[in-house]
Amino acid sequence: MPQGVSAGAALALLVQGLTAWHLLRSVARVRPGESVVVHAAAGGTGSLAVQLARAFGAGRVIATASSEEKRAFALELGADVAVDGAAEGYRERILDANQGQPVDIVLDAVGGPVLDSALDALGFLGRLVTYGSSSRQAATAVPPHRLAVESITVGGFWLIPLLTREGAGGTALEELVGLTARGRLRPLVGAEYDLGSARAAHEDLLGRRTKGKLVLVP
């Protein structure tokens, strides 16, 4: 790791950074000028996805988060707009944030009713990528004919199979490290806990009291 990149930041790049990179590059295949919605934008993956979407040329980056503090943080990271990510009224808020237009890409780790609402905000050839379900609620099954009629795509990503197949190195990690070393990417270490406090870390995650990457210190 380059000088100045902390162990916590390196850990964030290896897990959340690679996830965000592949969400945007490998699955959503973001193109310059497209609009990107990042759910849970103050979290470990979301905070990096906001920054990477900007670095990859997104035309408009829309962040969602559960509190005013987290939404303000997403704006500091480079989001153009930050809104409440609750399911009720979601489509209206997202379209308003995108200047009245449906969006091109949504990165979702919330699932449940939020995922249902996000599908309604996609435009022609829009892509939704799911990579988690922090709501612990099931989304509504999407009938294949809807995908065809609306010309939208639903994809998914999980980092572990990729690491099993290809390892953790490669061009993606090289790019992430390079962006960080040049100051264009800021992996956020939100909090550190001693290993005996792992339960507290999980409770803080569930309670949505955290930002960025959490680190357990042996």
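Student: Which helices and strands each supply at least two residues of the lining of the largest pocket?
Tutor: In this predicted model, those are H1, H2, strand S2 (60-65), helix H7 (159-166), helix H9 (198-206) and strand S8 (213-217).

Student: How many residues line that pocket, and which lie nearest its centre?
Tutor: The lining of the largest pocket has 40 residues, with Ala40, Gly43, Ala109, Ser134 and Leu205 nearest the centre.

Student: And what's the volume of the largest pocket?
Tutor: About 1300 Å³.

Student: How do the lining residues divide into nonpolar, polar and charged?
Tutor: For the largest pocket, 19 are nonpolar, 16 are polar and five are charged.

Student: OK, on to helix packing. At what angle do H1 and H2 pack?
Tutor: H1 (residues 7-27) and H2 (residues 44-55) pack at about 50°, and their axes are 9 Å apart. H1 and H2 are therefore oblique to each other.

Student: Is that crossing left-handed or right-handed?
Tutor: Right-handed, as H1 passes H2.

Student: Which residues meet there?
Tutor: On the H1 side you have Ala12, Gln16, Gly17, Thr19, Ala20, Trp21, Leu23 and Leu24. They meet Gly44, Thr45, Leu48, Ala49, Leu52 and Ala53 of H2. In that contact of H1 with H2, nine residues are nonpolar, five are polar and none is charged.

Student: How about H2 and H3, what's the angle there?
Tutor: H2 packs with helix H3 (residues 68-77) at about 35°, with the axes 9 Å apart. H2 passes H3 in a right-handed crossing. Ser47, Val50 and Gln51 of H2 make the contact with Phe73, Ala74 and Leu77 of H3.

Student: What classes are those residues?
Tutor: The contact of H2 with H3 has four nonpolar residues, two polar and no charged ones.

Notes. Residues numbered from 1 in each chain as written. Predicted model: local features only at pLDDT ≥ 70, side-chain atom pairs only at ≥ 80, totals over all residues. Heavy atoms only, no water. Axes fitted to C-alpha atoms, helices over the stretch in contact; angles between N-to-C directions. Helix = DSSP H or I, 4+ residues; strand = E, 2+ residues; numbered from the N terminus. Parallel < 35°, antiparallel > 145°, perpendicular 65-115°, else oblique. Left-handed = near helix turned anticlockwise from the far one by under 90°. Contact = heavy atoms within 4.5 Å. Nonpolar A, V, L, I, M, F, W, Y, C, P; charged D, E, K, R; others polar. 1 Å grid on protein atoms, 1.4 Å probe; cavity = no way out; pocket = protein on both sides within 12 Å on 5 of 7 lines; lining within 4 Å. Points joined across faces, edges and corners; volume = space filled by probe spheres on them.
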